[in-house]
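The following note comments on the arrangement of strands and helices in the structure shown below. It is written as numbered points, which may be read alongside the sequence and the 3D view.

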2 protein chains.
Amino acid sequence: MSADLVPETRVLAVASHVVYGHVGNKMATLVMQSMGCDVAALNTVHFSNHTGYRQFKGTRATAEEITNLYEGLCQNNLTDFDVMLSGYAPSAAAVEAVGAIGQDLQRKAADRPGSFFWVLDPVMGDQGRLYVNDDVVPAYKNTIQHADLILPNQFEAEVLSGIKITSLSTLAEAITTIHSKYSVPHVIITSVQLSKLTTPATLPTPTPSTATCSNTNQNLLTVIGSTTLSTGEPRLFRIDVPALDCFFSGTGDMFAALTVARLREAVFNDYDAGLRDTKSWVSKDDVRATELPLAKATEKVLASMHDVLERTIEARDAQLKATAGEAGVGTEETEVKKEHLRRTKAAEVRLVRNVRLLREPTVEFKAVEWVE
Amino acid sequence: MSADLVPETRVLAVASHVVYGHVGNKMATLVMQSMGCDVAALNTVHFSNHTGYRQFKGTRATAEEITNLYEGLCQNNLTDFDVMLSGYAPSAAAVEAVGAIGQDLQRKAADRPGSFFWVLDPVMGDQGRLYVNDDVVPAYKNTIQHADLILPNQFEAEVLSGIKITSLSTLAEAITTIHSKYSVPHVIITSVQLSKLTTPATLPTPTPSTATCSNTNQNLLTVIGSTTLSTGEPRLFRIDVPALDCFFSGTGDMFAALTVARLREAVFNDYDAGLRDTKSWVSKDDVRATELPLAKATEKVLASMHDVLERTIEARDAQLKATAGEAGVGTEETEVKKEHLRRTKAAEVRLVRNVRLLREPTVEFKAVEWVE
């Protein structure tokens, strides 16, 4: 029964909750549960829906409420987590509260190296724009030095490194800086459009190339990862995947959740059986970038995401077609709004009926070593 | 891929959330998702853990917060639910707020009979004791008249019917009263220990009898269900299952969530294709009790529960054995408390790695007609 499940893994997932749809913990919890992880879900906000709808209702947890929930776990001896995945927190104080939880779990596991691993998604913004308060940035800068793996997007990597990513060399520089400045052993920059940086004449062809969304199937999205060497230098790999030119909310959370499961699987399957008992699961220096558990995990993560998002596009298009006549007789403004809501709803990630694709993706992507 | 999934079903699940473990919506959401349902989860409390630990931290949603989240769904056109499952609400006002949501969804679906179905679990108490405020009882009494199916346990059935269940005849009387007093078309009383009422000399043997827990494998637990006839009289069936003499938190939520999925499946598979377009899915009078979709659904629900709880008992016993030496050197009081926490944690339902048993149970139970 458990052939396609990852090793038993207890995860504390700290992120947002939405009643409807799949983002934040609503996404991450189901993804990790589908992979076989036992998930404790500490929700940092309680919203009706994701903010892409442009309107939502609900409440945010205060830093005190977040801390209080964790203290409830502590007093009942319910803190034997193998992994923490921390995502969106609604204030600087909340980021600090989550950071304190991560550090407390690290202290509890201090005499058992490798028994606790913290994946931190520094949710701050995207596409050149912060969508959190300014004071969240220093809160993250003080926190991520404790994490084992961080998952910034291109913009967040720029914010953290202080380096504007305009070329392949500045990209490598940003990762090197994140490794050294924050002592973070593992980094994945979750989406870089290299085509916007350079003309990537020598990109390997993804296998198989199955992107079918709109007219952009020539575009590639690149994910860059690195596990530090003992010198502090990066050990870089890249994976190119067909870009699906469609905006889906929650894909960052899906990426993070899949990474938790697949990284733990890769570490447990690593030829170096001692790796799982090594602090932060940092492979020995003679392990090539493409042989890193981080690289092997990311390959599978991207394959699953590609499959689920392809199904989502199919379902979205069918739903948009089926509901095309629903525009009513309102003012132009209300019709524009209705149409936005219709399209946003249609683009919700189709997770529930595609969970098998998380465990058994049909496509395959390969990491390649990236020597800048 | 979807061979073992129920028909596509959008559920609004309103119940409690706990960070750790599986009760309330944390249980119901994963159960229904595993069956293929798309679940919108509106959480009525945010607790660290279930109350069986005897201590917990967290917050309760107010009635206004519950209403507000629903209004967030309404303003974004996210209310096209096929089913609502409502469970624990933390106050009388919260019960009324949830009731108003159910009625609003019914109004929205009024011109499409059978397109919306409301399963209500009137969580009030157990074993002769209320564990909610007294004013929650009249709040439920005013609400359940709108539900399509209610799932009281024996005590809650007594509270709602005003009839003390001391015999088979008073049990039948309680169900008849619930049908008539509240116009609820479907009722399942989720656990009756008939052995405490009478000596059930003529009970059919469950197939197969696989209860293995402690020394009680001679005991049976009986579930009684009924779908009303057009006369208002009950149409009673019973299913006897081996009692697992172990207390697990969240089993009521597991029962309710499985019932949502299996009832919808049974109605869609019913030989009467028109049933799904019939208000409240009430079968014609010539359908025998054992042929009711409610009976067929409950058979599968109980089979899955039996399988998952058997696995839970195995895992619990292994965990208790593995952690047996963990008692430390505290006062007698702290040792007693530690032991309680250890046992409570060990008894958390093992859901994540047994979800296949929800879809494909290995045992089979059969409903029998119950003519009192």
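This is a predicted model: local features need pLDDT of at least 70, side-chain atom pairs count only at pLDDT 80 or more; totals for chains, interfaces and linings use all residues.

**Notes on strands and helices**

1. In chain B, ten strands form an open sheet in the order β3-β2-β1-β4-β5-β8-β9-β10-β11-β12, and the pairing is mixed. The edges are taken by β3 (58–60) and β12 (368–369) of chain B; each has a single partner strand, so one side of each is left without a neighbour in the sheet.

2. Which strands does helix α6 of chain B lie across? Helix α6 (residues 168–182) lies across β8 (149–150), β9, β10 and β11 (236–242) of chain B. Its direction is at about 150° to that of β9(B).

3. Ala15(A) has Asn43(A) in β2(A) opposite it. Strand β2 (residues 38–47) of chain A is mostly covered, with nine of its ten residues buried.

4. Two packed helices are described by the angle between their axes and the distance between the axes. In chain A, the axes of helix α2 (residues 63–75) and helix α3 (residues 92–108) come within 8 Å and cross at roughly 20°. Angles under 35 degrees count as roughly parallel, and α2(A) and α3(A) are therefore roughly parallel to each other. The crossing of α2(A) past α3(A) is right-handed.

5. The contact of α2(A) with α3(A) involves Ala63(A), Ile66(A), Thr67(A), Tyr70(A) and Cys74(A) in α2(A).

6. In chain B, helix α9 (residues 293–322) packs with helix α10 (residues 332–346) at an angle of about 145°, and their axes are 9 Å apart. Arg316(B), Gln319(B) and Leu320(B) of α9(B) make the contact with Arg342(B), Arg343(B), Lys345(B) and Ala346(B) of α10(B). What is the division of these residues into nonpolar, polar and charged? The contact of α9(B) with α10(B) has two nonpolar, one polar and four charged residues.

Methods
Residues are numbered from 1 along each chain as its sequence is written. Chains are lettered from A and ligands numbered from 1 in the order in which they are written. Side-chain values use heavy atoms; hydrogens and water are left out. Two strands pair if DSSP finds at least two bridges between them. Helices (H or I, at least four residues) and strands (E, at least two) are DSSP runs, numbered from the N terminus. Contact means heavy atoms within 4.5 Å. Axes are lines fitted to C-alpha atoms, for helices over the stretch in contact, and angles run from 0 to 180 degrees between N-to-C directions. Angles under 35 degrees count as roughly parallel, over 145 as roughly antiparallel, 65 to 115 as roughly perpendicular and the rest as oblique. A crossing is left-handed if the near helix is turned anticlockwise from the far one by less than a right angle, and right-handed if clockwise. Ala, Val, Leu, Ile, Met, Phe, Trp, Tyr, Cys and Pro count as nonpolar, Asp, Glu, Lys and Arg as charged, and the others, Gly among them, as polar. Buried means under 20% relative accessible area, exposed over 50%, partly exposed in between (1.4 Å probe, protein chains only).
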